[in-house]
Amino acid sequence: MNLPTADVLQKKPDILVVDDTPANLRLLTDLLKERGCKVRPVPGGQLAIQAVQKEKPDLILLDINMPGMNGYEVCERLKADDALKEIPVIFISALDETMDKIKAFAVGGLDYITKPFQFEEVEARVQTHLKLRRLQVERQRQNQQLQESCDQLKKLEDLRDNLTNMIIHDMRSPLMGLTGYLKMLETDAAEKLSPDERMMLGETRSCGSLLENMVNTLLDVSRLEEGKMPLHREKADIDVLIQKALQSLGSLTKQVVLIHRKSALPILVHCDVNLVARIVANLVGNAIKFTPEGGQVVVSAESRGVAARICVADTGSGIPLEYRHKIFEKFGQVETRQQRKMYSTGLGLTFCKLAVEAHGGEIGVESEPGQGSAFWFTLPSQGHEPPSGQPCPVTGGEEK
């Protein structure tokens, strides 16, 4: 759609006057020209259609009773054409019955002036609708510019994401090789190294594993966003999945009192086992990271009809209300003034959100500063949409 430029918007108003009475045409034409308008007088409906198609006016003053094609028919023809329907139409007619006016508005007229008219009234209404038309055109022009800017930004974002994914994908193989060789060194050369050297080698391997996990998470986030990560769903006991996730965290869990509150009866879910274990591990790892040493992290699950609800609650510093909407955003990072700690690396919680939603579930957090946080998510038992829930308590349960 080609819209007028700012220069065009400042040109003389172009008004098409349509009336089969020569005296009315001359009068309106002369008076409007005196007011600085470009006026095109047309004596009939068919000629009016041709004139509008040749050059679109800013406004049309339209008589109703005309031979051949009357004003109603002219207006209907204009409003049926996408290229012409935005042109404002003011009816000027000797017909003064209420039904005549109602029909004029029904076919698309914006205003109605009854003959014999006072030119002051015509002028006031013309100026009002010309201003409204200019504002409408300017808004359309700005909207088009905004859409073009958004389209260009989207192209740049896609280019950035594609480049990032390509680089990250290429990093994956050397990182896996690096961590693999470091593990072999720890096993084969441990006896030849001093305690400090073994410690440094272990720390190096841990850093390599962390980078490898970040790369894998970023790639998985991209696949989930594009809907290209297949889910291998199967029935599983959620407590077994939780235990598997906790075991994957290794020594990290020794920093806090970790409680796995097992259910009295098995809770069967329908999910991708490995993906859900990673969700739980991410949430527990995040909880441990922001819980003071010796604090408590509780993992629990409960059945809610067609869905299961898993909760990871901690006794950490909590998350301020104004930051909770950001923690699941991609690359979203939130800090507290007191601790200067980030509640999200910008990847882990985004992965959790996308993976849960890929299962048809929901994820959320309830938290109060100084009172800990409770991250929860739902999973379908038999492929149904799960209901949302409330935060779980942080006390009680079976200690791991």
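Five strands form an open sheet in the order S7-S9-S10-S12-S11, with mixed pairing; helices (H or I, at least four residues) and strands (E, at least two) are DSSP runs, numbered from the N terminus. Two strands count as paired if DSSP finds at least two bridges between them. Strand S7 (257-261) and S11 stand at the edges, each with a single partner strand, so one side of each is left without a neighbour in the sheet. From one strand to the next the twist averages 15°, where axes are lines fitted to C-alpha atoms, for helices over the stretch in contact, and angles run from 0 to 180 degrees between N-to-C directions. S11 and S12 pair in the antiparallel sense over five bridges. Ser-367 stands opposite Ser-373 in S12. Helix H8 packs on this sheet and touches S7, strand S9 (296-304), strand S10 (307-314) and S12; the direction of H8 makes about 160° with that of S7. Contact here means heavy atoms within 4.5 Å.

This is a predicted model, in which local features need pLDDT of at least 70 and side-chain atom pairs count only at pLDDT 80 or more, while totals for chains, interfaces and linings use all residues. Residues are numbered from 1 along each chain as its sequence is written, and side-chain values use heavy atoms, with hydrogens and water left out.

The protein chain as a whole has ten helices and twelve strands. Of its 400 residues, 44% are buried, meaning under 20% relative accessible area, with exposed set at over 50% and partly exposed in between (1.4 Å probe, protein chains only). Among the contacts in the protein chain with a separation of 6 or more, 69% are between residues 24 or more positions apart.

H8 (residues 238-248) also packs against H9, at an angle of about 55° and with the axes 8 Å apart. H8 and H9 are therefore oblique to each other; on this scale angles under 35 degrees count as roughly parallel, over 145 as roughly antiparallel, 65 to 115 as roughly perpendicular and the rest as oblique. The crossing of H8 and H9 is right-handed, a crossing being right-handed if the near helix is turned clockwise from the far one by less than a right angle, and left-handed if anticlockwise. On the H8 side the contact includes Ile-238, Leu-241, Ile-242 and Ala-245, and on the H9 side the residues include Val-273, Val-276, Ala-277 and Val-280. By class, the contact of H8 with H9 has eleven nonpolar, two polar and one charged residues (Ala, Val, Leu, Ile, Met, Phe, Trp, Tyr, Cys and Pro count as nonpolar, Asp, Glu, Lys and Arg as charged, and the others, Gly among them, as polar).

Asn-282 lies in H9 (residues 273-289). With a relative accessible area of 26%, Asn-282 is partly exposed. Its C-alpha atom is separated by 8.7 Å from that of Ala-245, 37 residues away along the chain. Not counting residues up to four places away in sequence, Asn-282 touches Gly-348, Phe-351 and Cys-352.

H10 is followed by Gly-360, whose phi is positive, near 85°.

Another set of strands involves S3 (residues 59-62). Strand S1 (residues 14-18) and S3 run parallel and are joined by four bridges, with Leu-59 in S3 as the bridge partner of Ile-15. S3 and strand S4 (residues 89-93) also run parallel, joined by three bridges, and Ile-60 has Val-89 in S4 as its bridge partner. In a regular strand the side chains alternate between the two faces of the sheet. Both faces of S3 are covered, with Leu-59 and Leu-61 buried on one side and Ile-60 and Leu-62 buried on the other.

The axes of helix H3 (residues 45-54) and helix H4 (residues 71-79) come within 9 Å and cross at roughly 25°. H3 and H4 are therefore roughly parallel to each other, and H3 passes H4 in a right-handed crossing. In this contact Gly-45, Gln-46, Ala-48, Ile-49 and Val-52 of H3 meet Val-74, Arg-77 and Leu-78 of H4. These residues divide into five nonpolar, two polar and one charged.
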